[in-house]
Every structure is written in C-alpha cells, then in structure tokens.
Amino acid sequence: MDDQDLAAFEARATAWLDRNASRREQRVVAWGEGSDSTAVFHNLSDEDERALLTAAMAWQQRKFDAGFGAISWPLEFGGAGLPGSYQSAFDDIESEYDSPGHHEMFSVTLHLVAPTVAQFGTEEQKETVLPRFLRTSEMCCQLFSEPSAGSDLAGLATRATQDGDSWIIKGQKTWSSGARFADWGELICRSDPTKPKHAGQTAFIIPMNLPGITVVPIRQMSGGASFNEVFFDDVRVDDRYRLGGIGEGWKVALTTLGFERSTSGGDRGAQTVGASWAQLAALARWLEVNEDPLVRQDLADLYIRDRIRAFLAGRTAARTEAGGQPGPEASASKLMWTQWMTRCGDVAARILGPKIVADTGDWGTFAWTEHLLGAPGYRIAGGSDEVQRNIIGERVLGLPGEPRIDRNVPFNEVPR
C-alpha cells in the first residue's frame, strides 16, 4: 500500500469522524475553562463508572462496525487487515475529536489481553472471544498480582489443580483494575509447586461469572476504587479456558506485561492519564511564577522528559505494529513515564503550596491532588520501577543479575 492509499484512508476516516463526533474546539489549555481534572484513577460511584464504560464501549463498537475499531487486526477477527501505520494515522485524526473518557479496562482488553490471546489462544478461543474483545462487547481484567508476592509476580501462590478436564482454582489476586465490571479475566496460577517458580505456572482466560469468584473493590488514597481484590474459592475452570500450554504461564504473563509496558504513557488517540505538561505550564502562568528561574527549569526539564517519553513510546508502538514483540525499550518507556508523572506532581505541589491540600474553590488548584495521589500507582502497575531497572540493567546493559536464593529451587521449598 502506498501513500495514496493512506491518504484515501485518512480522508475516509475524517469523513466518518465528522459524521459521528464533534471536533475539539479548544486545543490549548485555557485557565478556568472546561474540566480541571488531573485524575490518574477514577473517583466515581459504581453507577457513574458503569455509565462511563457503557459510553466508551458504545463508541468502540461504532468504530469497529465502521471498520475503524481494529484497523491492523486480521480480517478473520473483524479487523481491517491494514498496516500499523493506518492505525497510527486514525489515532492522530481521532485525537482531534471529542470521545468518551479514558478507562483502564480498554487498554487491558484491546492492547494487553486481546494480543495475548491472539498469540497463545486456541483456534476456538480466537474465534470466540477476540471479536468480542476488539468490539468491546465484552471486557477483560488482569488477574496477576497477589498480596503475598508483591512486585515478584513469579512468586504467585494461587493454585490451579487439574481435575480431569477441569482445573480447581484457589487463591487471591489484588490490584485488578475494573475486575467488578469485567466479563473475562486473564489468570495466572501456580499449577506445579514442585518446579521452580517460573516453570510451574499455567495461564487461563476465564469468565468472571464462574461460581466461587468474589470481587471486592479496594478504596485508594486518591479516593476512587478502580482496583479490586478477587478471591477464588474452589472455582472450577474447564480446560478449554487454558491459555497456552501447561507450565507456560510465565511466558504468557511476560507477553502481556510486555504489551502493558509498551502502551504505558503512549500518545495513542485522545485519551490521557493524569495531568499534562500544558496543564502544569498553565498553572505556573496563573500563579505568576512562570518567570521564576527554578520553575522555568522544572518546566523545561519536564517538557524534555515528556518528549523523550513520547519518542520511546512511539518506537515501541512501531515495533509492535510491525509484528515484533515489545523489548527492553518498553521498560525504558514505562520508567520514563512514571518518573515524569511523579516529578510533575512534585512540581505542582511546590508551586501550589497549601492550595494543593486545602480546597479554596479556585479552579485548577486542589484538583492537582488527584494527580499527586494517583501517580504512585503507576510506579507499581505493569511491573514496579525497580523491576524495570532490573530489566534494563540485565538485558540492555549486561549487568550481573541480582542474587536470587530461589533460582532453580522448587517453589514449595522456597522460604515464604
């Protein structure tokens, strides 16, 4: 396909968006206009969060039915079968239009679980669930982290015991975004505790309405309850829901995490997480500190970091769109993004002073609390900052790995 084909596609996409959405009238942050939210995570009631999800799902379904919802996916899954450059072109055009707000479940469903199922799923799984995921008629959550494992995902202890053509799942997962609204979950379990921790795991893609699954929301310090604990009390899962081979759970998990890191902090479409550099610059101007040398230095530093982050995210996205797997550069992109979010919140807190902790009613001030309290969550999500540094150190710089007393030791013999 040549540039002429791409130009025709862009014209068709623009015409469709003109018919189905409104162009954004304000591209520059103007103080006191519109929403002053800097939220990283939602602080909504269940009813309002469900309404947000319903609207966003409806928008994705309209795009999918028009041929714009899975542009670079194969035709057999309802995609358009076009190169990744066409998806990037549509995302750029769509960013000029108003669309429903961001929700973590869309990234999980479309960019994490769906491509993992495409890589490891059986033909039945691909034919059954992928069109539903890509159209977002059904949504997914991740069931990875556990309270006893911390950032050591390989140390998970939720058991999957084979029983004929079924598996009995018993254990607990935590920090699962949107789990109480999800139709499906990608689940990683310990299937053989006699093997080393990375070897004895098996993955599943399971319906979230199976008997024995209990979902409990976790109230976060930012006020919302985006995360959830999920309890499995002898949940029976048919073997046809297994994702990948028995004992391949760690390989499946790493693939999903690679997709997660490659999308962290990306510039896809119009959706953003947390505050933007433009919002911080507008805040500095409103407070009349934008001429202060130290503030100007902070703003310049954050602008540079924001551009580097965008370039890294673009490089990783291009590699994925070309059919490759996310590499260690995804860890660099994710680490740059979380550092940017943290520093942005710190700068806002310094220049706002007490206004960030006491709601004076001034537009665009106390709202920064949402960013400041939410940013630490992404230093853990998708692999903690420390894990990203280990990946870069070992796989890019060739540094010796950290000492591990559990290497090649059966999981059931590791002190816990």
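These legends describe close-up views of a predicted model.

**View 1. Helices α4 and α5 pack against each other.** Two packed helices are described by the angle between their axes and the distance between the axes. Helix α4 covers residues 104–120, and helix α5 covers residues 123–135. Their angle is about 170 degrees, and their axes lie 10 Å apart. Angles over 145 degrees count as roughly antiparallel, so α4 is roughly antiparallel to α5. The crossing of α4 past α5 is left-handed.

**View 2. Residues of the α4 and α5 contact.** From α4 come T109, L110, V113, A114, V117 and A118. From α5 come Q125, K126, V129, L130, F133 and L134. Nine of the residues in this contact are nonpolar, two are polar and one is charged.

**View 3. The largest nonpolar core.** This core holds 55 residues. Within it, F133, I169, F204, I206 and F232 touch the most other members. Helix α4 gives the most to this core, with nine residues. F133 also belongs to the contact of α4 with α5, on the α5 side. In soluble globular proteins, nonpolar side chains tend to be buried together.

**View 4. The surroundings of I206.** Leaving aside residues up to four places away in sequence, I206 touches L143, D183, W184, G185, L187, I213, F232, V237 and Y241. One of these, F232, is also among the core residues that touch the most other members.

**View 5. Helices α7 and α9 pack against each other.** Helix α7 covers residues 277–286, and helix α9 covers residues 329–352. The angle is about 15 degrees, with the axes 11 Å apart. Angles under 35 degrees count as roughly parallel, so α7 is roughly parallel to α9. α7 passes α9 in a left-handed crossing. On the α7 side, the contact is made by W277, L280, L283 and A284. On the α9 side, W340, C344, V347, A348, I351 and L352 take part. The residues of this contact comprise 10 nonpolar, no polar and no charged.

**View 6. Helix α7 and the residue after it.** The buried residues of α7 are Q279, L280, A281, A282, L283 and A284. Among them, L280, L283 and A284 also make contact with α9. Just after α7, E288 has a positive phi of about 60 degrees.

Methods:
Residues are numbered from 1 along each chain as its sequence is written. This is a predicted model: local features need pLDDT of at least 70, side-chain atom pairs count only at pLDDT 80 or more; totals for chains, interfaces and linings use all residues. Side-chain values use heavy atoms; hydrogens and water are left out. Axes are lines fitted to C-alpha atoms, for helices over the stretch in contact, and angles run from 0 to 180 degrees between N-to-C directions. Helices (H or I, at least four residues) and strands (E, at least two) are DSSP runs, numbered from the N terminus. Angles under 35 degrees count as roughly parallel, over 145 as roughly antiparallel, 65 to 115 as roughly perpendicular and the rest as oblique. A crossing is left-handed if the near helix is turned anticlockwise from the far one by less than a right angle, and right-handed if clockwise. Contact means heavy atoms within 4.5 Å. Ala, Val, Leu, Ile, Met, Phe, Trp, Tyr, Cys and Pro count as nonpolar, Asp, Glu, Lys and Arg as charged, and the others, Gly among them, as polar. A nonpolar core is a set of buried Ala, Val, Leu, Ile, Met, Phe, Trp, Tyr and Cys residues joined through side-chain atoms within 4.5 Å. Buried means under 20% relative accessible area, exposed over 50%, partly exposed in between (1.4 Å probe, protein chains only).
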